[in-house]
Amino acid sequence: MNEYQNSIALPFTIIIILLFSGCAMPEGPVPLSGDVPEAEGWATETVIDGLEQPWSIAWLPDSTFMISERTGQLLYFEDYQAEPMQISGLPEIYVDGQGGLMDITVHPAYLENRWVFLTYSSGDEDSNQTTVARAVLNVEDQRLENVEDIFKVSPDKDSNQHFGSRIVWTSNSTFALSIGDGGNRPVKTEGVLSRKHAQMLDSHLGKILHLTQNGEPADENPFLNERDVFPEIWSYGHRNIQGLAYDEESGRLWANEHGSRGGDELNLIKPGENYGWPEVTYSREYWYTKITSETSKPGMVDPKVVWTPAQAPSGLLFYTGEAFPEWQGDLFSGGLQGEQVRRIILDGESVIGEEKIPIGRRVRDVKQGPDGYIYVLTAHDEGELIRIIPE
Ligand SMILES: [Ca+2]
């Protein structure tokens, strides 16, 4: 080792120690959740394989189901053994980076209106946005009809990152919709660092929105009559939410949220509240410098769980099924990076414990099937539908 090598070796060693020790992570009022015990009494079975980057699964009232693939296909399955049928009539989808065909959901009164809703990235690399489309599903012909873009995010952006894009129904005619902040530093939108849009109330980026089935702001939204504020906003200060769950009994809305490096969050969402990004966060830039030294501030809501190291959460379920009576009333949160599902044990609004269900593959979506089992989609090119059943 010559003198020059020696002079860079020591600082380099210190950086490596900091990177792997975790001791330089920001301190704050919420304890960091690292590894947790494994849940008991479950087993997994692969139900479907060969899916192309599946993003979401939704069942129709007759227990047939659809799976969206990010690369732009919507598949319909009559049962778990059947060959998939490709549904035609989709809108033109901008498939790039994190964008493409994303969430798929069935209207609560589907038997009356045959409506399905999907989220996708529209536009092109210079100008794109998350869009919600509503369509009538013609099952006989495997076709979408009367396809209508009922909501488009504003402003347009030119990155292929952070589309957010989960939908969860909050009543028979309204839904919450998560929208990402638009991209990592140094990505800008309309001349402003994209992440700063999360704190801007005249931008949909970095928000949870609350819409009617026609794409209008819902009646009870917190900012309906304020000047220069987008009336669709339900909560703000979010980075990128890819998991939303609604507890119909209590009316609680839960969201998991990607941090940058570490600092992923579980939040209890209340209307009008600020969840902090990027003013307060437990996460760091991907290259490890601080985003901010603050993890908490008055007027901003602390997360219920902070995942460091990152889970990269995607998919969130509030479980009510009969297959796992002990798990009723708990949340199940998928992890792309974590390659597991986290059981988050709830007592009302409090998190009282956490367990893991290792999957060993990147988890994109977590849903409860009509049979009460938990279903997991893995995000790979050769993605799978995995069923979690009692052992
Ligand atoms: Ca936050």
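This is a predicted model: local features need pLDDT of at least 70, side-chain atom pairs count only at pLDDT 80 or more; totals for chains, interfaces and linings use all residues.
Arg387 lies over the face of Tyr80, at 4.8 Å from the ring centre.

**Aromatic pairs**

How many aromatic pairs does a search of the whole structure find? The search gives 14. One of them joins Phe117 and Phe175: with ring centres 5.8 Å apart and planes at 65 degrees, the pair is edge-to-face, because edge-to-face applies to angles over 60 degrees. This pair links distant parts of the chain, with Phe117 in strand S8 (residues 115-123) and Phe175 in strand S12 (residues 174-179), 58 residues apart.

Phe223 and Tyr236 form another edge-to-face pair, at 6.2 Å centre to centre and with 65 degrees between the planes. Here Phe223 is in the loop between strand S15 (207-212) and strand S16 (233-236), while Tyr236 is in S16 itself, and 13 residues separate the two. Phe223 has a relative accessibility of 9%, so it counts as buried. Tyr236 comes out at 15%, which is under the 20% limit, so Tyr236 is buried as well.

The two pairs are set out below.

| Pair | Centre to centre | Angle between planes | Class |
|---|---|---|---|
| Phe117 and Phe175 | 5.8 Å | 65 degrees | edge-to-face |
| Phe223 and Tyr236 | 6.2 Å | 65 degrees | edge-to-face |

**The calcium site**

Which residues coordinate the calcium ion? Glu265 contributes two entries, both OE, and Tyr275 contributes its O, at 2.3 to 2.6 Å. The pair links distant parts of the chain: Glu265 is in strand S19 (residues 264-269), and Tyr275 is in the loop between S19 and strand S20 (305-307), 10 residues apart. Both Glu265 and Tyr275 are buried.

The loop between S19 and S20 also holds Pro278. A cis peptide bond joins Trp277 to Pro278, with omega about -5 degrees.

**Backbone details elsewhere**

Another cis peptide bond joins Ser154 and Pro155, where omega is about 0 degrees. Pro155 is located in the loop between strand S10 (143-152) and S11. Ser165 is found in the loop between S10 and S11, and its phi is near 95 degrees, a positive value in a residue other than glycine. Is Ser165 buried or exposed? At 0% relative accessibility, Ser165 counts as buried.

Glu190 has a positive phi as well, near 50 degrees, and is likewise a residue other than glycine. Glu190 is in the loop between strand S13 (188-189) and strand S14 (192-193). With a relative accessibility of 64%, Glu190 lies over the 50% limit and therefore counts as exposed.

If you plan to look at the open spaces, begin with the largest pocket, which has a volume of about 1200 Å³. Its lining comprises 41 residues, and Val168, Trp169, Glu248, Lys367 and Gln368 lie nearest its centre. Several elements give two or more residues to this lining, among them strand S3 (54-59), strand S7 (101-106), helix H2 (110-113), strand S11 (167-169), strand S21 (313-318) and strand S25 (363-368). Which element gives the most? Strand S17 does, with 5 residues. By class, the lining of the largest pocket has 22 nonpolar, 12 polar and 7 charged residues.

The second largest pocket has a volume of about 440 Å³. It is lined by 24 residues, and those nearest its centre are Gln98, His258, Leu336, Arg362 and Arg364. The class make-up of this second lining is 7 nonpolar, 12 polar and 5 charged residues.

Methods:
Residues are numbered from 1 along each chain as its sequence is written. Side-chain values use heavy atoms; hydrogens and water are left out. Donors are N, O and S atoms within 2.8 Å of the metal (3.2 Å for Na, K and Ca); water is not among the atoms, so sites may look incomplete. Helices (H or I, at least four residues) and strands (E, at least two) are DSSP runs, numbered from the N terminus. Buried means under 20% relative accessible area, exposed over 50%, partly exposed in between (1.4 Å probe, protein chains only). On a 1 Å grid over the protein atoms alone, a cavity is a set of points where a 1.4 Å probe fits but cannot get out, and a pocket is an open set with protein on both sides within 12 Å along at least five of seven lines; lining residues have an atom within 4 Å of a point. Grid points are joined across faces, edges and corners, and a volume is the space filled by probe spheres set on the points. Ala, Val, Leu, Ile, Met, Phe, Trp, Tyr, Cys and Pro count as nonpolar, Asp, Glu, Lys and Arg as charged, and the others, Gly among them, as polar. Rings of Phe, Tyr and Trp (its six-membered ring) pair if their centres lie within 6.5 Å; planes under 30 degrees apart count as stacked, over 60 as edge-to-face and the rest as tilted. A charge sits over a ring if NZ of Lys or CZ of Arg is within 6 Å of the ring centre and within 35 degrees of the ring normal.
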